[in-house]
Amino acid sequence: MSTLCNDNIKPECLLRVEKLTNKTVTFIQCDVTNWNELKDVFNKHEFHSVIHFAALKAVGESCEKPLEYYKTNVCGTLNLLSVMRDFNVKRFIYSSSATVYGIPEKLPLVENMKTGDCTNPYGKTKYMVEEVLKDLCTSDKEWSVISLRYFNPVGAHSSGQIGEDPNGVPNNLMPYIAQVSVGKREFLYVYGNDYDTHDGTGVRDYIHITDLAVGHVKAMIYQKIRNSTGFKVFNLGTGKGYSVLEVIRAFEKASGQKIPYKIVERRTGDISASYADASLANKELNWQATKNIDDMCLDTWKWQQNNPDGYKC
């Protein structure tokens, strides 16, 4: 999926990546739900592996727009895998989610726990694709697939030049808090304060986006050095849960700004608490999260302060 202003123009975020890294980024605008467009990309370029990020990702929105989520997240992935198979590209790293676990039987969440009893369409799309990937690896032993189950990615690049810029009203907590902090929005909605948690608000495992990026690099190295095949799954999280109110307080500390909020009813599809056991990623991928909630809030604040309107076209 693409969020460009005009066709064939690099988005501002990639221009900033080029400036920060002093490297050129090859960019092609393509819709993953269009098989012909994907095939054209593979015809023009040579690939050794694919990291698949193209998806819709908001739990609440998925309950309102399930067809859009199944089309993009499931059908789009099937298109991509089909084209990869046709071009004999069989290393694949998938952006999965902790939502595949559904309502946790116990915490922390471990990779071998039951999946599939998902509480929202977003989680179901991620679970469905994982099942497809398992079947694919069973049918063809040449495939090497790593599914990385993200917990809650937040934060921004420490330069303050690259960060989250959602379209319209943010569906996720941290960008909403950030927009309130710079006066773009009047207050934050807190969805429910009657959960079975220490302060009644939902608890999540927040992971800094740069730690998450390193996890993907580690996964690629793992596939190459070990020449691994088959389907493997790893949790990427910090192993610590924070409530919505705790995140608000942490952001107030980082920004020096008061975050006004209103308690409203729970959203459909949300659960009380979720946090990871990421020890398998540490053991197999040599990866672990290095940044805490204060780092996440400070970097998000720096990004939002420097870019109150996000990336302007």
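Predicted model: local features only at pLDDT ≥ 70, side-chain atom pairs only at ≥ 80, totals over all residues.

Residues are numbered from 1 along each chain as its sequence is written, and side-chain values use heavy atoms, with hydrogens and water left out.

How many salt bridges does the structure hold? There are 16. The criterion is a side-chain nitrogen of Lys or Arg within 4 Å of a carboxyl oxygen of Asp or Glu.

Select Glu 18 and Lys 10. They form a salt bridge, with the closest N and O atoms 2.3 Å apart. Glu 18 is buried at 16% relative accessible area; Lys 10 is partly exposed at 26%. Buried means under 20%, exposed over 50%, and partly exposed in between (1.4 Å probe, protein chains only).

Next, select Glu 130 and Arg 149. Their closest N and O atoms are 2.7 Å apart in a salt bridge. Glu 130 sits in helix 5 (residues 121-139) and Arg 149 in strand 3 (residues 144-150), so the pair ties together parts 19 residues apart in sequence. Helices (H or I, at least four residues) and strands (E, at least two) are DSSP runs, numbered from the N terminus. Both Glu 130 and Arg 149 are buried.

Move to Lys 258 and Glu 252. Their side chains meet in a salt bridge at 3.8 Å, N to O. Lys 258 is exposed, at 68% relative accessible area, whereas Glu 252 is buried, at 18%.

Finish with Lys 90, Asp 140 and Glu 142. A network of salt bridges links these residues.
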